[in-house]
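Colleague: I have a two-part question list for this one. Could we go through it with the structure open?

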Amino acid sequence: MDIPFLTIAELGRAYERRDLSPVEVTRALLDRIAAHDGKLHSFIRVTEGVALAEAQAAERELMAGERRGPMHGIPYGLKDIVETAGIPTTGHSKLRQDHVPTEDAEIVRRLKAGGGVLMGKLATWEFALGGPSFDLPWPPARNPWDRDRLPGGSSSGPGAAVTAGFVPAAIGTDTGGSIRGPAAFCGIAGLKPTYGRVSRRGVFPNTFTMDHIGPMTRSAEDISLMLQVIAGFDPTDPGSEDCPVPDYRAALDGGIKGLRLGLVEGWHEGAGAHPDLGPAIAEAVSVLRGLGATVEPVRLSSLRDYTDCKTTISSVELYAIHERDLRTRPRDFGRILRNRVLPGALIRAEDYLAALRWRTALAREQAAVFQRVDALITAGARTIADRADPDQPDRLVSAPSITMPFSVSGVPALAIPCGFSRAEGMPLSLQIAAGTMQEATVLRIAHAYQQATDWHRRHPVLS
Amino acid sequence: MRDDLTHLPASTPNDIRALVERAGLDLPEELLQQFIAAWPQYEEMVRRIPRGFDYAEEPAHVFRPTRIAGETD
């Protein structure tokens, strides 16, 4: 068995049959990380001792017939803005390079209770926003498909580590696309759940009103398994929603015959979009139609509008979080983060409130569309992964984002691979979004697509 | 028709310097120059935000006192 590329589902079945053990899998992945991560920089810190102890505990329990759930004995990594008691949590920043939390984030508590095996803390853009940066204490992660390119961000380490076969699963965070972007650029699956579906407690904030925590794996099925463990109400997170958590794995089955899908016009084509993206999305639509879904065109506000709304809100909330450090130690910020946080000091309160009122209007626009379609289809990214160029201009504002519309509305959105660019051989991605708390619908569509295609089964060869 | 602020003139470097000072920030000159170069695209972004909302249009932030009261139960 090719251990590095086994999925969570396949590992679970192998554990049940006792074909593999958690310790055996953990050791194999630790060896792979040691052999290859020196060139990919996906880990800030490998927690070998923790991993082996948790794997041994899981192995004892599984051998005794105790099964805690789908993450039992499954190795995973955490983006390094997720707090871990006794293990440094740096935000990939000089500002917090010595920070050792005393408590676990709520999602870590849930993953521990579910028997997961923590392999380490993963690279991020500085505090999940400032990147790609080359002036931080750790280098930026690289894309396993092409080390001269980046994995996207800000969940750069999770994207690279899952793609490289270092872990079958990772936790990322997504404020404007930081799970879906790296998933798209690396050719894996990444879910931004509904705002409030997964607890934010113990995760360093980026934008209070738009921060989402979610799984990054190699298949939609695996997303469903990891989401099952981390989803659910947390009274200590003010944004947490007290809604029942469905059986996401069970919801995958049944196909998509009769589902109504909306293909968003004007978002994934035109200026700035990779020329292979349009044909790849058209082919994906053809596959979905072949599976019995109907697909109709849908018009929404422009990406420019969504990007302006999101970035204005984010800039102000970011500044509120980082103001003290900007006053006292501005040189300790990476250049990109500093220049993305400072605008919040100049944006007026009335501008912020106008953006918040606009957000309500934009979310209503999507809610109306979800009255007539079950899900929306678009691309997961408009380009392929960028080259690793320290002098590249900052495009956070100038390049309209195809992930931010669903950040603004807070609905669940999943990126999965749907092809490769012809000239560069880099992943292309499909994005599926549905109404609030409709993660099961998104996952069912993605699972049906992945049963009919094999893009998600292609992996880079590491040298 | 959209009601925004795109008709306003762009801030000059001196304007930006003054705005940073008014915000209470004391940036080293090198960092200030970096920010003076970065700010114009943010200013353009903020000025594109529509302003013509009805009085009853609430912002996306909602204050829910019952939720806060529940935290202390």
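Colleague: What covers the buried residues of helix 12 of chain A?

Modeller: This is a predicted model, in which local features need pLDDT of at least 70, side-chain atom pairs count only at pLDDT 80 or more, and totals for chains, interfaces and linings use all residues. Residues are numbered from 1 along each chain as its sequence is written, with chains lettered from A and ligands numbered from 1 in the order in which they are written. The buried residues of helix 12 of chain A (20 or more other C-beta atoms within 10 Å of a residue's own, C-beta atoms being placed from the backbone) include Tyr352(A), Leu356(A), Trp358(A) and Leu362(A). Their cover includes helix 2 of chain B, together with helix 9 and helix 13 (404-409) of chain A.

Colleague: How far apart are the end C-alpha atoms of helix 12 of chain A?

Modeller: Helices here are DSSP runs of H or I with at least four residues, and strands are runs of E with at least two, numbered from the N terminus. The expected span is 1.5 Å times one less than the number of residues, so the 21 residues of helix 12 of chain A should span 30 Å. The model agrees, with the end C-alpha atoms at 31 Å.

Colleague: Which helix gives the most to the side of chain A that touches chain B?

Modeller: In all, 28 residues of chain A are in contact with 24 residues of chain B, contact being C-beta atoms, placed from the backbone, within 7 Å. Helices 9 (303-328), 10 (335-341), 11 (343-346) and 12 (349-369) of chain A each give two or more residues to that side. The one that gives the most, with 9 residues, is helix 12 of chain A.

Colleague: At what angle do helix 1 and helix 2 of chain B cross?

Modeller: Axes are lines fitted to C-alpha atoms, for helices over the stretch in contact, and angles run from 0 to 180 degrees between N-to-C directions. The axes of helix 1 (residues 13-22) and helix 2 (residues 29-47) of chain B come within 10 Å. The two helices are roughly perpendicular, a label for 65 to 115 degrees. Their crossing angle is roughly 115°.

Colleague: Is Gly202(A) buried or exposed?

Modeller: Gly202(A) lies in the loop between strand 5 (189-192) and strand 6 (212-217) of chain A. Not counting residues up to four places away in sequence, Gly202(A) touches residues including Val82(A), Glu103(A) and Val108(A). Because Gly202(A) has 23 C-beta neighbours inside 10 Å, it counts as buried.

Technical notes
Two residues are in contact if their C-beta atoms, placed from the backbone, lie within 7 Å. Angles under 35 degrees count as roughly parallel, over 145 as roughly antiparallel, 65 to 115 as roughly perpendicular and the rest as oblique. A residue is buried if 20 or more other C-beta atoms lie within 10 Å of its own, exposed if 12 or fewer, and partly exposed in between; C-beta atoms are placed from the backbone.
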